[in-house]
Amino acid sequence: MPSEHLKSLLSRLSRHLDKSQLLTSDEALAPYECDGLSAYRQRPLLVALPDTIEQIQATLRTCYDMDIPVVTRGAGTGLSGGALPCKDGVVLSLAKFNKILDIDTQNRTARVQPGVRNLAITEAATPYGLYYAPDPSSQIACSIGGNVAENAGGIHCLKYGLTVHNILSIELLTIDGEPLSVGTQALDHPGFDLLALLTGSEGMLGVIIEITVKLLPKPEIARVLMASFDGVERAGDAVAAIIGSGIIPGGLEMMDNPAIRAAEDFVHAGYPVDASAILLCELDGTASEVEGQIKTVRHVLAENGATEVRIAGDEQERMAFWAGRKAAFPAVGRLAPDYYCMDGTIPRKHLGRVLKHIDKLSREYGLPVANVFHAGDGNLHPLILYDANQQGQLRLAEKLGAQILELCVAVGGTITGEHGVGMEKIDQMCVQFQATELAQFHAVKDAFDPKRLLNPGKAVPELHRCAELGAMHVHHGQLPHPEIERF
Amino acid sequence: MHDTAQQLIETVTCAHRDKQSLSIHGSGSKSFLRLQDQGKPLSTLQHSGIVAYEPTELVLTVRAGTTIAEAESVLRKNGQMLAFEPPEFNGGTIGGAIASGLSGPRRPWVGAARDFVLGTRIINGKGEDLRLGGQVMKNVAGYDISRLMTGAYGVLGVILEVSIKVLPQPETEVTRVFELSVEKAIRHASELSGVANPISATCWHQNKLMIRLSGTETGVKQASRILGGEPIQDADNFWLSIRNHTHTFFQQGSFWRLSVPPASPHILHDSSEQLIDWGGSQRWLKTEESPENITQKALSAGGYAEQWHAADRANLRHPLQKNIMQIHKKIKQAFDPEYIFNPGTFYNYL
Ligand SMILES: Cc1cc2nc3c(=O)[nH]c(=O)nc-3n(C[C@H](O)[C@H](O)[C@H](O)COP(=O)(O)OP(=O)(O)OC[C@H]3O[C@@H](n4cnc5c(N)ncnc54)[C@H](O)[C@@H]3O)c2cc1C
């Protein structure tokens with residue numbers, strides 16, 4: 001962009017924002033170059049740090065007038081390049097909107113600004129015996145606005161739902177700065193379910209400036225079991241058996257051997273380092289309820305070939321069991337200079353098959369893969385280990401990642417369970433959806449943002465991009481993985 | 001079991017070309033909730049049957065014309081259920097259950113129809129056959145159009161198939177009854193919902209508060225001991241009568257449905273008759289108060305109001321704010337550019 005343009009943008013914005021709220025120097029822009037997917041980097045034209053709604057509106061209106069792209073940014077922990085800046089665009093950081101506006105203990109809701117950290121909501125609700133259920137592993141850092149934009153999940157979402165199930169209303173600004181109030185303080189709202197449409201819309205449809213979330217009563221008790229297996233498939237079967245027994249655990253997570261070792265080395269959670277896989281199964285509710293469920297789950301685990309089952313004896317041990325799981329990403333991160341986190345979801349029954357295939361691919365590519373996943377809902381997080389400083393390894397990791405995602409689609413799953421498409425999985429969208437479906441997504445985008453200024457180029461690929469890719473993907477009329485039955 | 005998707009797609013394609021309105025119908029059990037019913041009938045009834053069901057995956061995929069009863073009977077055999085307890089009224093297809101988005105007594109504790117929709121296959125207004133969402137628990141690829149279809153009364157597309165998350169049936173259920181005034185009942189239900197409890201339904205009517213507990217044998221036994229109250233006979237039928245509106249309260253004339261925050265104080269103080277469920281969040285009222293007053297009161301409580309079964313259907317929908325209305329029109333155009341689906345059924349401008 002010519003500096004004249006930047007000058008006029010700056011002069012218009014500085015009517016509404018302080019100098020200190022408009023970052024343009026290389027040094028100041030550097031931290032905004034990427035989100036949690038650091039392999040993708042781009043310096044924006046400018047970063048705006050508004051601290052009033054009016055300032056957000058003014059920023060949006062100015063950009064709308066001048067046809068300048070806007071990328072909204074929460075905490076920047078996203079793993080799909082959703083908050084990756086546009087070269088000629090503005091990054092709208094909502095970091096200053098970090099206030100909890102109200103906690104309604106009677107109706108069990110919290111009204112919060114978008115920049116509030118996920119965990120801060122639970123911390124504020126704890127004195128009332130309440131908590132906010134969705135708990136992404138990044139909860140100490142990620143913002144609730146980012147959670148809504150990505151429809152974030154967490155360890156407890158098998159039983160308590162994703163972000164979409166735990167919010168009541170949002171205040172949104174559209175690209176022209178106009179406010180939209182979506183939802184009510186009650187359980188539903190009249191008209192289309194815009195709340196659902198906006199949740200997980202990756203900053204493509206508007207800027208979320210306020211959220212009312214549901215709070216749940218803390219369960220009376222939570223117990224966690226850790227089961228070891230000498231085969232990953234066995235662990236997968238045990239997951240199906242637990243659910244088949246009629247129990248929906250509060251959390252049901254799996255780690256494979258490389259992930260177990262890494263986590264154990266890192267936080268000393270007491271994990272069995274020789275096991276091929278472990279399952280962590282949390283049961284929560286009233287004391288008598290949980291007691292009965294522990295019995296059932298123990299039995300099911302034993303029947304399904306668990307080599308060892310341990311129950312956390314006290315709260316400290318329970319926290320230790322979870323600490324290993326929650327630190328799995330950084331722990332695996334210590335095994336190699338870089339790691340690349342995938343996020344496919346599959347029907348659980350294909351777990352064994354998919355893991356075997358991932359293992360085969362990992363060997364073909366010569367890049368180790370550690371697996372950590374939300375087993376209860378089939379959401380895989382294969383972590384591909386590589387070294388970005390070695391020529392070509394990043395490309396190789398990306399290629400391996402793409403193949404894993406296509407494998408997920410081939411068995412009837414999806415390329416992303418919770419991290420979003422962003423910039424990262426834009427090409428795999430072409431594998432998961434047909435042109436008519438992508439065109440329908442674009443039509444929805446245009447209903448909110450006809451100039452396509454919000455987060456341009458992300459989440460939904462342009463059709464021509466897919467057409468060009470199609471030539472690459474379909475060899476002799478065959479889709480990737482022809483050996484796998486399609487659904 | 002029939003797959004009539006191709007015929008339905010052809011019909012829509014022609015209607016789009018000819019700008020012919022279509023009135024989409026399942027069994028008609030919820031037609032009293034349509035503002036208007038115009039256009040050439042398009043029935044989904046023939047398009048029925050279970051497409052896929054695997055109990056351990058917790059996912060059921062069915063064609064839209066499958067009846068709720070049929071889906072539930074298949075689930076029941078495997079100890080599972082449609083946890084949102086969709087009202088059947090008199091009949092009811094899965095397509096209609098999703099298009100109307102209604103949920104029964106369990107809703108506040110497990111979620112609404114929209115919470116259980118994982119994916120849909122729809123025909124949009126251009127006759128395109130679209131698969132959105134999926135058959136897995138978590139999926140954030142693309143906008144959540146499946147949930148947008150839920151409760152949209154068919155104005156955005158013909159639902160062909162739905163994948164629904166299902167849940168295990170609770171091991172046991174017990175209902176306790178308490179004699180309580182309306183004010184006390186609201187407070188009691190709200191307090192109970194604020195602590196860990198295996199509650200799965202509440203209903204207050206004529207000074208009786210019913211509370212259903214669901215869960216393991218031991219858990220429910222213990223909770224009901226702590227809770228107190230008296231046991232009731234034939235509880236299953238009572239909750240069915242709330243779910244399907246066969247309870248005497250719903251039998252005559254029109255009534256209001258208020259969706260409000262659960263702890264909202266008692267809203268009307270005249271001689272109106274009330275039935276309150278969803279832990280206080282859903283309030284059914286028979287009252288002489290003016291529609292303006294009721295609407296205003298629901299709004300100031302943080303919710304909204306709609307009137308069911310009134311002859312003129314004038315208050316069947318809560319009016320939308322102007323900018324929300326604008327975005328509704330744009331979304332309608334994004335899916336159905338010729339306005340062929342269910343014109344005027346949801347809002348008269350859609
Ligand atoms: C170690 C680690 C563990 C993680 N674990 C999980 C996990 O368990 N589950 C999970 O779901 N995710 C997980 N994530 C991913 C990430 O934390 C989530 O996607 C989170 O929701 C992003 O929030 P954020 O505030 O960082 O958003 P950002 O990264 O800043 O932005 C994400 C996207 O949302 C948009 N956006 C942000 N705020 C707004 C707003 N107010 N209005 C409109 N659009 C907005 C942005 O434009 C961007 O597209 C993890 C990430 C890391 C680094």
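1. In this predicted model, chain A holds an open sheet of four strands in the order β1-β2-β4-β3, with mixed pairing. Strands are DSSP runs of E of at least two residues, helices are runs of H or I of at least four residues, and both are numbered from the N terminus; two strands pair if DSSP finds at least two bridges between them. The edges are formed by β1 (22–23) and β3 (70–73) of chain A, each of which pairs on one side only. Strands β2 (residues 46–48) and β4 (residues 90–93) of chain A run parallel and are joined by three bridges.

2. Helix α1 (residues 3–13) of chain A lies across β1, β2 and β4 of chain A and runs at about 10 degrees to β2(A). Helix α3 (residues 53–66) of chain A lies across β2, β3 and β4 of chain A, at about 165 degrees to β4(A). Axes here are lines fitted to C-alpha atoms, for helices over the stretch in contact, and angles run from 0 to 180 degrees between N-to-C directions; contact means heavy atoms within 4.5 Å.

3. Strand β8 (residues 167–173) of chain A runs antiparallel to strand β9 (residues 179–183) of chain A, with five bridges between them. A:Leu173 has A:Pro179 as its bridge partner in β9(A). Five residues lie between the strands of this hairpin, where A:Gly177 takes a positive phi near 85 degrees.

4. Chain B is divided into domain 1 (4–168 + 327–335) and domain 2 (172–308), the bounds coming from an automatic or database domain assignment. Their C-alpha centres lie 28 Å apart. Domain 1 of chain B contributes 17 residues to the contact and domain 2 of chain B contributes 16 residues.

5. The two domains of chain B bury about 1400 Å² between them, 60% of it on carbon and sulfur atoms; buried area is the accessible area (1.4 Å probe) that two parts lose on being put together, summed over both. On the side of domain 1 of chain B, the most area is lost by B:Phe89, B:Pro105 and B:Trp109, together 46% of what that side buries.

6. Three salt bridges are found across this domain interface, a salt bridge being a side-chain nitrogen of Lys or Arg within 4 Å of a carboxyl oxygen of Asp or Glu. B:Glu85 forms a salt bridge with B:Arg212, with the closest N and O atoms 3.3 Å apart.

7. Between the chains, 74 residues of chain B are in contact with 80 residues of chain A. Chain B and chain A bury about 6100 Å² between them, 61% of it on carbon and sulfur atoms. In chain B, B:Lys138, B:Val140 and B:Tyr143 lose the most area to chain A, together 16% of what that side buries.

8. The rule finds four salt bridges across the interface of chain B and chain A. A:Asp193 and B:Arg114 meet in a salt bridge through their side chains (2.8 Å, N to O). Helix α11 (residues 322–335) of chain B supplies the largest share of the side of chain B that touches chain A, eight residues.

9. On conventions, residues are numbered from 1 along each chain as its sequence is written, and chains are lettered from A and ligands numbered from 1 in the order in which they are written. In this predicted model, local features need pLDDT of at least 70, side-chain atom pairs count only at pLDDT 80 or more, and totals for chains, interfaces and linings use all residues, while side-chain values use heavy atoms, with hydrogens and water left out.
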